[in-house]
Amino acid sequence: HSQPLPASFARCEDEQIHVPDAIQPHGALLAAGPDDATVTHASANLAAFLGVPATAALGAPLATLIGRAAWESILDRLRSAAPGAAASCTGRLEGPGGTRLRVRAHRHAHQLCLDIVRVEPEPDATIEAARGVLETFRVARTPSELCDLAVHGLRAVSGYDRVFAYRFGPEGDGEVVAEERDASLPPFLGLRYPAADIPAQARQHYLRQRVGSVADAGYVPVPVLAADPAAPSLDLTHSALRSVSPIHRRYMRNMRTAASLTVGLASRMQLWGMLVCHHATPRVAGPDLRAVADMVGTAVSVMLAGLADAEHEAMRQGHAATLRTLTDRLAAPVPLADALVAAEADLLHLVDAPGAAISLGGTIRCLGSTPRPTDIARILAVLQLGPDAGPVALDDLVLRHPALEACRAQGSGVLFLPLSTSGDDAILWFRPEQSRIVPWGGDPAAHAEGAMEPRTSFAAWQQVVTGRSAPWSTVDLALARDLRTAIEARMAVDLRTEVEQLR
Ligand code: BLA
């Protein structure tokens, strides 16, 4: 376990995980070329499943290996798949001595690819079980509630001893946002993990092929042999037997997990997160369980964006009264700046900030707890980004701009709302520095830059974060934009009055 991993690549994200030239040993693989008929690839363990050595299978007609009836049925069913859809089907085969086999066929990159596994007793992963899980999703009102229901349902169906939902942050790091586990296991809920744990190509992979599984992290990979040794490696993206990265296998062993079943969650074409099932002892995720996991993941993915929008809208509505009061106050027959100053309490409450500054016509007025006006002028100079700069929300102003260090106490966080396309007219809200403790599932710095080794300790590790405020939400930004619309309406009225007075 302590030997360095042989790596033919320089960075984690350079490992070509879709072409490992190997599979996991709990199944066998056959692939046929563009003619669907002649075997181009066979896994070295083929004899244990079909009684025919891989070397004998290469170049042979696929129909003679699995039987003409099975072959024709597979082609027939793949043909009826919707155009563009990833075509796949499962069927049954009989191996030597009457062993019962399941075969899952799919077509990808002009190859017909067959995963062959033994029929094993599977947990009760039926359509009925899947329907039962999806049924519970009806009551979810937020993405977070949906994740709770998904991990609960997936654990009940799969029987894995830990199931959690992992959500990616904007930088690729992630957090465990829902979890159900055997009471004997330590909790992961709330812990954060660095982006390096699931490098970019692995995240891309889970967008393309949503379900992945490892039956036994301690397995010895089985080579996939090719009829033409000069042919490019077989793309195993969609094979349920794809051998996973040796680095990730070691990661699992370090974590004391033998088996995993992973479902990618996508929202708005992005990988939002994953549902991950772990089991302490080896466990094959059979075709039925994978299908149920796929259904659960698809339902969650489809619902995520809508629930996030609904949650966003509900939070926005929660501030609707404040926004209405502000809009009414803007109608007062006093200069705009005076109207805003008079509405101080509502202006601060709108985005839950203890301080704000109004910069209009070259004058800065401070409300509540803010940096000093001279420092606010410097913030303005830094944030005036361009002619049509939208609102900007930063929770790390002084970390980004060390020259603004003096703003740390009152203004580590700033929400900047430009009011005009020229000049300094703007509203700024401030939030104070708020030191907080971020719990990581192991020291994130244990990944030295470019390290090819997974870390060995996953003991909770607390990072004290300074120089940041409480984060601004997309709802805060939306409310600031709403206020700007009201202010622009008021400015238009002012302008019309001015023009009329000139006449
Ligand atoms: C894959 N890494 C993964 C996956 C997860 C994690 C969930 C998807 C596959 C699976 O679930 O088995 C990470 N697992 C976690 C995290 C938790 C967990 C964060 O249980 C938290 C509780 N990994 C490293 C380093 C590298 C690396 C240093 O630690 C690269 C040098 C790579 N991780 C890596 C690769 C994959 C991966 C390449 C894809 C494996 C594959 O599918 O081939």
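Helix α8 supplies three residues to the shell around the ligand, the largest share. The model described here is predicted. Its chain is split into two parts, domain 1 (12-311) and domain 2 (319-433 + 468-502).

**Ligand surroundings**

- The ligand is surrounded by 28 residues.
- Those closest to the ligand are Cys12, Tyr193, Val244, Ser245 and Pro454.
- Two or more residues of the shell come from each of β10 (211-214), α8 (246-254), β12 (259-267) and β13 (270-279).
- By class, the shell around the ligand holds 19 nonpolar, seven polar and two charged residues.

**Helices α5 and α6**

- Helix α5 covers residues 127-136 and helix α6 covers residues 143-158.
- The two axes come within 9 Å of each other and cross at roughly 160 degrees.
- Angles over 145 degrees count as roughly antiparallel, and α5 and α6 are therefore roughly antiparallel to each other.
- The crossing in which α5 passes α6 is right-handed.
- On the α5 side the contact is made by Ala129, Val133 and Thr136, and on the α6 side by Leu149, Gly153 and Val157.
- This contact of α5 with α6 consists of four nonpolar and two polar residues, with no charged residues.

**Domains**

- Domain 1 runs over 12-311, while domain 2 is made up of 319-433 and 468-502.
- The C-alpha centres of domain 1 and domain 2 are 50 Å apart.

Conventions. Residues are numbered from 1 along each chain as its sequence is written. This is a predicted model: local features need pLDDT of at least 70, side-chain atom pairs count only at pLDDT 80 or more; totals for chains, interfaces and linings use all residues. Axes are lines fitted to C-alpha atoms, for helices over the stretch in contact, and angles run from 0 to 180 degrees between N-to-C directions. Helices (H or I, at least four residues) and strands (E, at least two) are DSSP runs, numbered from the N terminus. Angles under 35 degrees count as roughly parallel, over 145 as roughly antiparallel, 65 to 115 as roughly perpendicular and the rest as oblique. A crossing is left-handed if the near helix is turned anticlockwise from the far one by less than a right angle, and right-handed if clockwise. Two residues are in contact if their C-beta atoms, placed from the backbone, lie within 7 Å. Ala, Val, Leu, Ile, Met, Phe, Trp, Tyr, Cys and Pro count as nonpolar, Asp, Glu, Lys and Arg as charged, and the others, Gly among them, as polar. A residue is near a molecule or strand if its C-beta atom, placed from the backbone, lies within 6 Å of it. Domain bounds come from an automatic or database domain assignment.
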